[in-house]
Amino acid sequence: MNETTQLALGATAIGLAGTWVWRQRPALRTLHRASAMALALFLGAHVLGHLAGLAGAAAHQAVLEALRSIYRQPVVEGLLLAGVLFQAGSGLALLWRGWRQRKGVVAWAQALSGAYLSLFLMIHVAAVLAARQQGVDTNLQFAAAGMHTPPWQWFFGPYYFLAVLALCTHVGCALYWNLSRSQGAPALAAALLVGLVLAAILVVMLAGGLQGLAILLATGPSNMPAVA
C-alpha cells in the first residue's frame, strides 16, 4: 500500500468519524473524554520514549523508530492530528462554558492543566510538522536544542516541565472525578507526584545533566530556536 493510498484511507476514516459525530450529536464532554483516552495512550508512550534517552541518544532513537513505525502510518497519523485538533478545541470550549461554574481546587487544576495542554499541543505539533517539512529529524536532539541556545533555556525549561506536569495533573483530575472518594484523592496525589518527578527528569536530561547529547540546533527567524 503506497503512501497516497494510506493518506486517502486516513482522510476517509476521519470523514466517516465526523459523519458519525454529526448524526449522533453526543455530548461534547463525552467526545472530549473519548478522544482524551486515545491521546493519553499516545502521549504516555511519547513521554516514555523521550525518557529512554536516559540510556543515551541511541537508545532513545531505537525506541522512537519503533514507535514511529506505528504512529507515522498516514492513517494513524491523520487520526492523531485530528484528535489533537479536536481535543484542544473541545477542551477550550468546555473551559469557556464552565468558567463561572467551576468551584474548588481540583476543578480549577483540571481546567488550567487542560488549557495549558491545549496550547502546548498546538504549538508542539505545528513546530514538529514545520521541522519535518525542512527535513529535520524531530528526535531527542531536536527537543533539546532550545535548552542549549541561550537564553532560550529559560523558556524551554518551564515549557517542557509544565507540559508533563499538566498531562499528569489532567489525568489525575479525571481519576479523581471518576473513582470513589476513597480512591480519587490518592490517585490524584500519585499523579501529581509522578508528574513532578517525570517533568524534572525530562528537563534535566534535555539540559544535558543526566546524559550527554549531540544537540541539533534548529533555529528559526533571528536565531530563535524552533518551539518543539
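I started with the surface: the accessible area of the protein comes to about 12,800 Å², and 69% of this belongs to carbon and sulfur atoms. Accessible areas come from the Shrake-Rupley method with a 1.4 Å probe, and for residues only the protein chains shown count as cover.

I noted that this is a predicted model, where local features need pLDDT of at least 70 and side-chain atom pairs count only at pLDDT 80 or more, while totals for chains, interfaces and linings use all residues. Residues are numbered from 1 along each chain as its sequence is written, and side-chain values use heavy atoms, with hydrogens and water left out.

I looked up burial next. Of the 228 residues, 37% are buried (under 20% relative accessible area; exposed is over 50%, partly exposed in between; 1.4 Å probe, protein chains only).

I checked Leu206: beyond its neighbours within four places in sequence, it contacts (heavy atoms within 4.5 Å) Leu140, Ala143, Ala144, Met147, His148 and Tyr160.

Last, I looked at the rings. Which residues form one aromatic cluster? They are Phe120, Trp152, Phe155, Phe156, Tyr159 and Tyr160. I checked burial for two of them: Phe156 is buried at 1% relative accessibility, whereas Phe155 is partly exposed at 37%.

Terms used
Phe/Tyr/Trp six-rings, centres within 6.5 Å; stacked < 30°, edge-to-face > 60°.
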